[in-house]
Amino acid sequence: MIRLVITGNPGVGKHTCAKFVSEKLGRAKIIDINSIVLNNKEAVLSRNALNGIEINVKKTHKLLLEELKKAKDVVIVGHLAPYVLGPTGIDLVAVLRRSPYQLGKIFLQRKYTPVKIRENIASEILGITLYDSLETFGRERVVEFDVTEKTSKEIADDVISKLHKKSKKQIGSIDWLSLVYEKGDAQRFLEY
Ligand SMILES: Nc1ncnc2c1ncn2[C@@H]1O[C@H](COP(=O)(O)OP(=O)(O)OP(=O)(O)O)[C@@H](O)[C@H]1O
Ligand SMILES: [Mg+2]
């Protein structure tokens with residue numbers, strides 16, 4: 001039985017990676033947290049145009065547990081993972097990290113508003129999903145991967161190799177804050 005979580009900021013490439021990982025694991029079931037929320041009215045507390053969707057954390061957690069019961073090997077995907085899952089039974093939490101410069105391009109392609117772009121880039125620079133994942137799942141389960149110059153296939157191979165290795169997990173090696181300071185972009189990205 002495999003229970004793998006793929007999380008990270010919007011736009012880092014979670015869903016693309018999950019498809020490759022699932023195939024390599026022999027068609028493990030992909031559980032997409034966003035789809036679960038969007039397909040269940042009870043999982044949504046409110047919607048507004050500005051901030052998007054506010055979710056019912058308890059209900060979403062329950063729905064995910066039901067989905068998990070139904071499948072043997074699963075890849076659970078979504079940026080909300082640290083808020084709607086618990087550590088029990090989870091083998092590995094892969095936090096994908098992408099350079100803020102590449103993320104910016106992806107957000108422009110997605111036609112995000114300037115405010116949404118800034119918020120999401122700041123969140124990646126500060127590593128919010130990583131820290132929230134550590135809090136929820138514990139240090140022994142969490143690994144971060146710099147996916148910036150990698151193909152989806154390479155990323156999938158890296159994730160699977162960590163899944164099979166019981167060695168110490170790696171975090172703390174990715175430092176976008178220093179990168180944007182060096183390039184003189186910290187003020188622009190973090191608005192101080
Ligand atoms: N390894 C990669 N190299 C280059 N571009 C990639 C890679 N993986 C994904 N992309 C591209 O980056 C964009 C975001 O990918 P994807 O939709 O998988 O991200 P996501 O993390 O699932 O985002 P969200 O959280 O918003 O669902 C897509 O345009 C995708 O084609
Ligand atoms: Mg996606």
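Y101 has 23% relative accessibility, so this residue counts as partly exposed, a class between buried (under 20% relative accessible area) and exposed (over 50%), taken with a 1.4 Å probe and protein chains only. F189, at 8%, counts as buried. The model is predicted: local features need pLDDT of at least 70, side-chain atom pairs count only at pLDDT 80 or more, and totals for chains, interfaces and linings use all residues. Residues are numbered from 1 along each chain as its sequence is written, ligands are numbered from 1 in the order in which they are written, and side-chain values use heavy atoms, leaving out hydrogens and water.

There are two aromatic pairs here; rings of Phe, Tyr and Trp (its six-membered ring) pair if their centres lie within 6.5 Å, and planes under 30 degrees apart count as stacked, over 60 as edge-to-face and the rest as tilted. Y101 and F189 pair edge-to-face, with 5.5 Å between centres and 65° between planes. The rings of F107 and Y112 are stacked, because their centres are 4.9 Å apart and their planes at 10°. Both F107 and Y112 are buried.

Now to ligand 1. Its polar contacts (pairs of N or O atoms within 3.5 Å) include these:

| Residue | Part of residue | Distance to an oxygen atom of ligand 1 |
|---|---|---|
| G11 | backbone N or O atom | 3.0 Å |
| T16 | side-chain N or O atom | 2.6 Å |
| R110 | polar side-chain atom | 2.7 Å |

The protein covers 69% of the 630 Å² of accessible area that ligand 1 has on its own, by the Shrake-Rupley method with a 1.4 Å probe.

How values were computed. A polar contact is a pair of N or O atoms within 3.5 Å; within protein, one must be able to donate a hydrogen and the other to accept it, and residues adjacent in sequence count only if both atoms are side-chain atoms.
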